[in-house]
Amino acid sequence: MPGRRFRWLWAAYAVSAYGTGFGFGAFPLIAVLVLHCGPAQVAVLAAAGRAVGAVLAVPLGPWVEFHRKRPVMVAMDLLRCAAMLSVPAAYALGRLGFVQLLVVSVLVAAADIAFKAASGAYLKALVPPAGLLVANSRFEATTWTATVVGPPLGGAAIGLFGPVATVLADAISYLLSALGIRAIGGHEPRPARAGTARLRPADLLEGWRHILHHPGLRPLFLNGIVVNGLIMASEPLLVVLMTGRLGFAPWQYTLAFAAPCVGGLIGSRLARPLAARYGHRRMLLLSGVLRACWSLGLAFVGPGVPGLVLVMLVQFGLVTSCGLFNPLLATYRLDHTAPDRVARTLSAWSVSSSAAIAALTALWGLLAALTDPRTALALAGVLLLATPLLLPRSRKGLPAGPETAGAREALDPA
C-alpha cells in the first residue's frame, strides 16, 4: 500500500482539487455575469486558453523529463497561484477585462500540463507497480468528492461575496498544494541523461511517438481526445443555456453538476475490485463505451425542476462511467510507459487533449452562434455515441504491459 510520502502527495492533490471544485465554472460565470459575454466569447475564452496553453506546453514535457519532478510541481503550483490571484486583484481595482481572463487561462493551462506530466512521473517512481491502481483510484475519488462539495459552496460564495471569491480560494489552494509537495521530503535523484543537456527536436516528439506506436495506447489516445473534446465543448454552451436562456441561478447550475459527481466517487471506488474480478482490460473497454452514452440528453434540458433533474441524471451516468474509466486508463498508461519517457508521454497526451478541447470548443461555440446552444449540444451528443468505434476492438488490441507483472496478476487474474 502507498506510504507516508504518497499520503503527503495525496494531501497536496486533495487541497488543490477542492480549490478547483470550489472554483468550478468561475471564468465562464465571470464572463457572463460580470463582462456580459455571449456564447461565442465564452467559447473563445475556454478554447483560446487551452489552445495557447497547449502550444506553450509542448517543450515543457521534455524539459520536465530531465529535471527533478517535485521542484517542477512546486513551481507550477506557484505560477497558477500568482495567475489566479491577479483576477480578484484586477476586479477589486475595477480593471478586470476579457483579455486578462484569456491570459490567465493560458498560463494556468500550460502550468496544468507541466504539473500533470511531473506528477505522473513522480507517482510512477514513488509507488510500487502493484499499488498504482490504488493510488490512481484515490486521486480519482478525491477529484469527484471535491466536485461534489466544491461547486455548491462556490455557488453560495459567489452569491454572498461576489463573482471572484471562488477564484481567490482556488489561488490559495495552489499555494497550499505547493507547501504540501515541499513537505513530502526524501531525496529525488536528478534524472540521468546521456549526451548534451540541451533540448533536442526529437525530445519534443518522443511522447507522441511512443503513444502512436503502441497498439493499446494509440486507440485509447484517439478515443480520449475526441470524447474529452466533445464533453468539454458542451460546458460553456450549458453555462449560456442554463444561466442565460433558461434562467437558472448560478447555485442551481453548480448544483446540477456537483450533486451527480457522487457517481464519480462510486466509479473510482469500484475500479479496483471490478478490475480484480473481471479484468483490467475488460473494465477499461466497458467503461470507455459507457461514458459515450449520456451527453445527448443534455440537448433536451428545459426550465425549472424537470430540467434540473434531467441534467443531474445525465451527469450522474456520465461521471460514474468516467470515474471508473479514468483510474484504469491512468494505470494502464503508466504500466506501458518506461520511466524515462513518462513525463513526455503524459505531456504529449495532455497537450493533444487540450488542443482538441480548444478546437472543438471554438467550433461548437461558432455552431451555437450560427444556430443555438441546444442544437450544438445535440450534435455533440450524437457524435459521442460513435466514439466507442475508436476503442481497441479485441484483447489483442489492448496488450498486457511488460513492466508490471505483479500488478497484472493482482488486477487481471487468469
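**Close-up 1. Helix 1 and helix 6 are roughly antiparallel to each other.** In this predicted model, helix 6 covers residues 98-126. Helix 1 and helix 6 pack at an angle of about 160 degrees, and because angles over 145 degrees count as roughly antiparallel, the pair is described in that way. The axes of the two helices are 11 Å apart. The crossing of helix 1 and helix 6 is left-handed.

**Close-up 2. Helix 1 and helix 7 are roughly parallel to each other.** Two packed helices are described by the angle between their axes and the distance between the axes. Helix 1 comprises residues 4-22, and helix 7 comprises residues 132-161. Their axes come within 6 Å and cross at roughly 30 degrees. Angles under 35 degrees count as roughly parallel, and helix 1 and helix 7 are therefore placed in that class. The crossing of helix 1 and helix 7 is right-handed. By class, the contact of helix 1 with helix 7 has 15 nonpolar, six polar and one charged residues.

**Close-up 3. Helix 7 and helix 12 each supply at least two residues of the lining of the second largest pocket.** Rolling a probe the size of a water molecule over the atoms shows where empty space is left. In the second largest pocket, that space amounts to about 210 Å³. The pocket is lined by 13 residues, of which V134, S137, R138, S268 and R269 are the closest to its centre. Helix 7 gives the most to this lining, with six residues. Helix 12, which also contributes, covers residues 262-278. By class, the lining of the second largest pocket has six nonpolar, four polar and three charged residues.

Close-up 4. Helix 5 is followed by G94, whose phi is positive, near 75 degrees.

**Close-up 5. Helix 14 and helix 15 cross with their axes within 10 Å.** Helix 14 comprises residues 304-335, and helix 15 comprises residues 342-370. The axes of helix 14 and helix 15 cross at roughly 140 degrees, which makes helix 14 oblique to helix 15. The crossing of helix 14 and helix 15 is right-handed.

Definitions and conventions: Residues are numbered from 1 along each chain as its sequence is written. This is a predicted model: local features need pLDDT of at least 70, side-chain atom pairs count only at pLDDT 80 or more; totals for chains, interfaces and linings use all residues. Side-chain values use heavy atoms; hydrogens and water are left out. Axes are lines fitted to C-alpha atoms, for helices over the stretch in contact, and angles run from 0 to 180 degrees between N-to-C directions. Helices (H or I, at least four residues) and strands (E, at least two) are DSSP runs, numbered from the N terminus. Angles under 35 degrees count as roughly parallel, over 145 as roughly antiparallel, 65 to 115 as roughly perpendicular and the rest as oblique. A crossing is left-handed if the near helix is turned anticlockwise from the far one by less than a right angle, and right-handed if clockwise. Ala, Val, Leu, Ile, Met, Phe, Trp, Tyr, Cys and Pro count as nonpolar, Asp, Glu, Lys and Arg as charged, and the others, Gly among them, as polar. On a 1 Å grid over the protein atoms alone, a cavity is a set of points where a 1.4 Å probe fits but cannot get out, and a pocket is an open set with protein on both sides within 12 Å along at least five of seven lines; lining residues have an atom within 4 Å of a point. Grid points are joined across faces, edges and corners, and a volume is the space filled by probe spheres set on the points.
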